[in-house]
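Hi everyone, thanks for coming. Let's look at a ligand site together, starting with the picture.

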Amino acid sequence: MSDTDLKPRLRARTKVERPKLYRVVLLNDDYTPREFVVLILKGEFRLDSAQAEKVMLTAHQKGACVVSVYPRDVAETKAGRAIDAAGRLGYPLQFTVEPEE
Ligand code: TYC
């Protein structure tokens, strides 16, 4: 057999990498109205009213709260859109995106 002969693969490769997930974290601030935070959580992150209220209140009381986890591009797009929507109304609302361990 020459150096270039390759052994045929007898079975399909089953190793599939799970895409790494990233947390979108909501940060508290003193200026953004609570109702607007809830609207963003429902509209951009598709939380229902009860979840959105809970996440908003946790961030308000503790300083930050995980909203959800997504593949990196989805997390960054959603966080960016939410920050932009707040900024257009003059609110300083911020989200961070961080990798899950
Ligand atoms: N702390 C804001 C207020 O009292 C409300 C708020 C809650 C802002 C959560 C941001 O992530 C946040 N108006």
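Which residues are around the ligand? They are Leu-26, Leu-27, Asn-28, Asp-29, Thr-32, Arg-34, Val-37, Met-56, Ala-59, His-60 and Leu-93, where near means that a heavy atom of the residue lies within 4 Å of the molecule.

A word on the source: this is a predicted model, with local features needing pLDDT of at least 70, side-chain atom pairs counting only at pLDDT 80 or more, and totals for chains, interfaces and linings using all residues. Residues are numbered from 1 along each chain as its sequence is written, and side-chain values use heavy atoms, leaving out hydrogens and water.

Now the polar contacts, meaning pairs of N or O atoms within 3.5 Å; within protein, one must be able to donate a hydrogen and the other to accept it, and residues adjacent in sequence count only if both atoms are side-chain atoms. A polar backbone atom of Leu-27 sits 2.8 Å from a ligand oxygen. The side chain of Asn-28 places an N or O atom 2.8 Å from a ligand nitrogen. For His-60, a polar side-chain atom is 2.9 Å from a nitrogen of the ligand.

Finally, Asp-29. Is this residue buried or exposed? Asp-29 is buried, that is, under 20% relative accessible area with a 1.4 Å probe, protein chains only (exposed is over 50%, partly exposed in between). What does its side chain reach at 2.7 Å? That is the backbone nitrogen of Tyr-31, and a polar atom of the Asp-29 side chain also lies 2.6 Å from the backbone nitrogen of Thr-32.

Definitions and conventions: Lys and Arg count as positive and Asp and Glu as negative; His and the chain ends are not counted. A salt bridge is a side-chain nitrogen of Lys or Arg within 4 Å of a carboxyl oxygen of Asp or Glu.
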